[in-house]
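Hi,

Here is the structure I said I would pass on.

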Amino acid sequence: MNLIFIGPPGAGKGTQATAIINKFNIPQISTGDVIRAAIKDQTPLGKKFQEYTNKGELVPDKLVNSLVEDRLGKKDCANGFLLDGFPRTVNQAEALDEMLKNRGHQLDHVLLLEVPDSLLIERITGRRSDPETGQVYHLKYNPPPENIKTRLIQRKDDTEEVLKERLREYHNKTAPLIPYYEKAQLLRRIEGVGSIDDIQKRVFETLR
Ligand code: AP5
């Protein structure tokens, strides 16, 4: 199963991705996670990424495309993959089409998680993650266990101010992927308002 997850920042892509990869036994390829790991390690590329992510801007296509191309070549993608947060521009989508064509693969579904902008501020500002396990929580909607609360961290780009720019980038550069994948008859719209469990049910119904 070769899947793409798209949707605005904080829509719940990462949250739903966990259940999907466990069910289909495929790896989750999150460009956001790869970028954050490079920033954490302060690699030369990571330092470059930071200039963009701190402002809520997308990293240049060329850099992200080569990260994904390398990752898709790994053995664990033989059975399929879930791309989370890639592609984010039409240029990236075209590059992905080329990568898959070269490998003789094709996409099965592009899942679009639809959440209105007005709900995203609360989801983003309440998000916390556990640096030890990578588990993502929400202070109100998916509260962490009491005993780990003090070690949780908040992403630098999870502020109201940076979210405004991330949303601008989403509407200007990522939303054009909707007609792109509609035309290819791959787009599956999923209502992203409701509880995490309700949305999970909708995702699995879509994939059935
Ligand atoms: P990235 O990490 O991909 O960020 P994003 O797309 O903005 O998505 P998020 O990770 O913020 O949200 P999510 O949809 O996964 O939500 P989550 O499940 O955590 O990218 C970060 C940056 O990296 C970009 O800004 C860019 O600079 C760069 N980048 C990455 N990929 C790139 C690319 N391809 N090209 C160029 N640049 C790139 O949920 C959010 C919160 O809500 C959590 O706390 C969760 O518990 C909670 N929640 C989830 N579902 C629900 C629900 N149903 N109800 C209530 N709360 C919920």
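Below are my notes on the ligand site, one threonine and the salt bridges.

A word on the ground rules: this is a predicted model, so local features need pLDDT of at least 70 and side-chain atom pairs count only at pLDDT 80 or more, while totals for chains, interfaces and linings use all residues. Residues are numbered from 1 along each chain as its sequence is written, and side-chain values use heavy atoms, with hydrogens and water left out.

**The ligand**

There are 35 residues around the ligand, and Thr 15, Thr 31, Glu 57, Arg 127 and Arg 166 come nearest (near means a heavy atom within 4 Å). By class, that shell holds 14 nonpolar, 12 polar and 9 charged residues (nonpolar is Ala, Val, Leu, Ile, Met, Phe, Trp, Tyr, Cys and Pro; charged is Asp, Glu, Lys and Arg; the others, Gly among them, are polar). Helix H2 gives the most to the shell, with 4 residues (helices are DSSP runs of H or I with at least four residues, numbered from the N terminus).

A polar backbone atom of Gly 10 is 2.9 Å from a ligand oxygen, and a polar side-chain atom of Gln 92 sits 2.9 Å from a ligand nitrogen. The protein buries 96% of the 1100 Å² that the ligand exposes when taken alone (Shrake-Rupley areas, 1.4 Å probe; for residues, only the protein chains shown count as cover).

**Thr 31**

Thr 31 lies in H2, residues 31-40. At 5% relative accessibility it is buried (under 20%; exposed is over 50%, partly exposed in between, with a 1.4 Å probe and protein chains only). The Thr 31 side chain reaches the backbone oxygen of Gly 85 at 3.0 Å.

**Salt bridges**

I get 14 of them (a side-chain nitrogen of Lys or Arg within 4 Å of a carboxyl oxygen of Asp or Glu). Arg 127, Arg 155, Asp 157, Asp 158 and Arg 166 are linked in a network. Within it, Arg 155 pairs with Asp 157 at 3.0 Å, and Arg 166 pairs with Asp 157 at 3.9 Å. Both Arg 166 and Asp 157 are buried, whereas Arg 155 is partly exposed at 22%. Glu 146 and Lys 149 also pair up, at 3.4 Å; Glu 146 is exposed at 61% and Lys 149 partly exposed at 39%.

Cheers

How values were computed
Helices (H or I, at least four residues) and strands (E, at least two) are DSSP runs, numbered from the N terminus. A polar contact is a pair of N or O atoms within 3.5 Å; within protein, one must be able to donate a hydrogen and the other to accept it, and residues adjacent in sequence count only if both atoms are side-chain atoms.
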